[in-house]
Amino acid sequence: MKVWLNGSITDAEAARVPVTDRGLLYGDALFETFRTYSGVPFRLDGHLARLASSGKRLNLRLPLTVGEVRTIVGRLLSANRMTDAAVRLTITRGTLDGPLGLTESDSSN
């Protein structure tokens, strides 16, 4: 299986998340799972709007536009030779930065 991680497609077995990632350590992450049918993400705009709304509450900005996500999903479906699939999009704040992984802007919220 192929996955998208930090800007590129890689084999799932080779994909690595640092042990200092805040999503892994503290659950400081967002995710959405959606289906694709015939290569088309189902209600992607709604999924990404919900993800962006949650991210705003957590001060966690989405790094991709809807168009970029569509392109990535298309590339992943092609790399995995699939058209119908479940796709999970996970966004974390990244690796530790500061005491307990909190930056000054995080601790002021």
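What percentage of the 109 residues in the protein do buried residues make up? Buried residues account for 26% of the 109, where buried means under 20% relative accessible area, exposed means over 50%, and partly exposed lies in between (1.4 Å probe, protein chains only).

The model is predicted, so local features need pLDDT of at least 70 and side-chain atom pairs count only at pLDDT 80 or more, while totals for chains, interfaces and linings use all residues. Residues are numbered from 1 along each chain as its sequence is written, and side-chain values use heavy atoms, with hydrogens and water left out.

**The whole chain**

Begin with a cartoon view, which shows four helices and five strands. Helices (H or I, at least four residues) and strands (E, at least two) are DSSP runs, numbered from the N terminus. From the N terminus on, the order of the elements is β-β-α-β-β-α-α-β-α.

**Strand S1**

Select Trp 4, which is found in strand S1. Trp 4 has a relative accessible area of 26% and is therefore partly exposed.

**The largest pocket**

The largest share, eight residues, comes from S5. The volume of the pocket is about 990 Å³. A pocket here is an open set of points on a 1 Å grid over the protein atoms alone, where a 1.4 Å probe fits, with protein on both sides within 12 Å along at least five of seven lines; lining residues have an atom within 4 Å of a point. Colour the lining by class to find 25 nonpolar, seven polar and four charged residues.

**Helix H2**

Move to Ala 49, in helix H2. Ala 49 counts as partly exposed because its relative accessibility is 46%. Then select Val 66, 17 residues from Ala 49 along the chain; the two C-alpha atoms are separated by 9.1 Å.

**Helix H1**

Finally, select Leu 24 in helix H1 (residues 22-26). Which class of accessibility does Leu 24 have? Leu 24 counts as exposed because its relative accessibility is 55%.

Conventions:
Grid points are joined across faces, edges and corners, and a volume is the space filled by probe spheres set on the points. Ala, Val, Leu, Ile, Met, Phe, Trp, Tyr, Cys and Pro count as nonpolar, Asp, Glu, Lys and Arg as charged, and the others, Gly among them, as polar.
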